[in-house]
Amino acid sequence: MAITSANQLELLQTAEAVAREKMIDPGLVVEAMEESLARAAKSRYGAEMDIRVSIDRRTGKATFTRVRTVVEDEELENYQAEFTVEQAKQYMADPKIGDQFIEEVPPVEMGRIAAQSAKQVILQRVREAERDRQYEEFKDRAGSIINGVVKREEYGNVVVDVGTGEAILRRNEKIGRESYRPNDRIRCFIKDVRREPRGPQIFLSRTAPEFMAALFKMEVPEIYDGIIEIKAVARDPGSRAKIAVISYDNSIDPVGACVGMRGSRVQAVVNELQGEKIDIIPWNEDQPTFLVNALQPAEVTKVVLDEEAERIEVVVPEEQLSLAIGRRGQNVRLASQLTGLDIDIMTEEEESARRQKEFEIRTQLFMDALDLDEFFAQLLVSEGFTNLEEVAYVELDELLVIDGVDEDTAQELQTRAREHLEAQAKAALDNARALGVEDSLVEFEGLTPQMIEALAKDGVKTLEDFATCADWELAGGWTTIDGERVKDDGILEPFDMSLEEAQDLVMTARILLGWVDPAELEAEEEEASEDPGVDEQTSEVGA
């Protein structure tokens, strides 16, 4: 095929037709044609030549040019596309390094193989342009709802036509045992859009908590307008869900607005989710109050919150236990997801038994350590004393309020408690030294002898060892694995060490060892306080 005046205009018409069909920029198609013609010309003139083709966007005329670049003598490698200053002087008046000499060359005849190669180049570029357009179109739609038509089902995964591309609804993102046939209409949540070599991959979901939140936003105008906010969603897809809402207008009931007249609004969401039962719960800043709401319809007698461990104990009447737990633990599991807390549910009888056991353990501790009779030890526990440190170092007046305790008795109690603690500390330190603990760790401020003993038993025997520890290794923490929260036990967790305290101790050790410059650390902290970042969010929707 030769590029003649007869088919010059046809090039532009073809480019425009392809661009319209694929909904891409005609200029991209013309660039692909220029690249394919240049490749064909190189096969004719020589692969090492720098041949370029320019197609006039108005007339369709293709101009073939050869480009040669002026380079340093020692850098000359490709004699067909480069030449030295001396060689360039016969073509250019005042050649300089980097200058280019461009001369027009005759158009080439495209043989069958060259034409086929050119076609492949154009198709490839068009496909790439189409993929880029699809990615740009869908990347900002992640997190929204889309309507599509089912094309086919492959091994449980549903391929959905979403207008200008295909998306996939994986089997684990379908509700229950949903099945679809070709041409069925389907509504899904765009969970993720990724750019991959074979084109943009659009991943859909019908089980995501965000899908339910988006459906409520469509059905409830107050949520769309921002008067009501969805603070959290927890789902057991196809079975049951809990959604926490708050109203920023005192005259509007958030639960009533989401339910709608005769349940019309919530029923529309239920129908879309294959009959999934939905509990709409008023959100509350006070976590125990919010948890009581989240455990509905069960009644709660008492709530004990442990904020540091992000755990909460809930006491319910015996007859409410099965209702609070729910079928297969569903109710308490959803309440846990909604609040972000680990929930322990116990009956009033179980709580009473546990409290009695704790009372007996503390009583025995005071009997053994302070050489007291049972009645006196019980008096201490009843007054709220839980350990020897409290007895040893509390203000004397707090011991004098106990019936039958005078000043001499109070001082004797404190003396016995302190002597016992000192004996424990000495035994712990002796044991730690026997395990090989070095003075650098013993003399480090902030660690008690019992802590040093616990560290030694775990192989931490020097200040260097301690400085390499992570804060969670010392204080413990929680890790989420496959949606389940798993406890990480810390070496110093039995001593009630918080993550913040662990961070401070480890950083102090690193500064003492010279691993960290205090000035740099202070500068980083100041910078962080001035720019808290964009990660702060006032609300979160998710399980």
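This is a predicted model: local features need pLDDT of at least 70, side-chain atom pairs count only at pLDDT 80 or more; totals for chains, interfaces and linings use all residues.
Local features were considered at pLDDT of at least 70 and side-chain atom pairs at pLDDT 80 or more, while totals for chains, interfaces and linings use all residues. Residues are numbered from 1 along each chain as its sequence is written, and side-chain values use heavy atoms, without hydrogens or water.

In soluble globular proteins, nonpolar side chains tend to be buried together. A nonpolar core is here a set of buried Ala, Val, Leu, Ile, Met, Phe, Trp, Tyr and Cys residues joined through side-chain atoms within 4.5 Å. Buried means under 20% relative accessible area, exposed over 50%, and partly exposed in between (1.4 Å probe, protein chains only). The largest core holds 26 residues. Within this core, M212, F216, I230, I243, I278 and I280 touch the most other members. At least two residues each come from α5 (209-219), β10 (228-236), β11 (240-247), α7 (254-259), α8 (264-272) and β12 (277-282). Helix α5 gives the most, six residues. Helices (H or I, at least four residues) and strands (E, at least two) are DSSP runs, numbered from the N terminus. A second, separate core has 24 residues, including A432, V437, F444 and V506.

F444 also takes part in an aromatic pair, with F466. Rings of Phe, Tyr and Trp (its six-membered ring) pair if their centres lie within 6.5 Å; planes under 30 degrees apart count as stacked, over 60 as edge-to-face and the rest as tilted. The whole structure has two such pairs. In the F444 and F466 pair, the centres are 5.6 Å apart and the planes are at 50 degrees, so the pair is tilted. F444 lies in the loop between α17 (439-442) and α18 (449-457), and F466 in helix α19 (residues 463-467), so the pair ties together parts 22 residues apart in sequence. Both partners are buried: F444 has 5% relative accessibility, and F466 has 0%.

A charge also meets a ring. The charged end of K231 sits over the ring of W283, 4.5 Å from its centre. The rule requires NZ of Lys or CZ of Arg within 6 Å of the ring centre and within 35 degrees of the ring normal.

No disulfides were found, a disulfide being a pair of cysteine sulfur atoms within 2.5 Å. C188 is buried, at 1% relative accessible area. C258 is buried at 1% too.

Helix α12 (residues 348-370) has 23 residues. Its expected span (1.5 Å times one less than its number of residues) is 33 Å, and its end C-alpha atoms are 33 Å apart, which agrees. Its buried residues are E351, T363, F366, A369 and L370. D371 follows α12, with a positive phi near 55 degrees.
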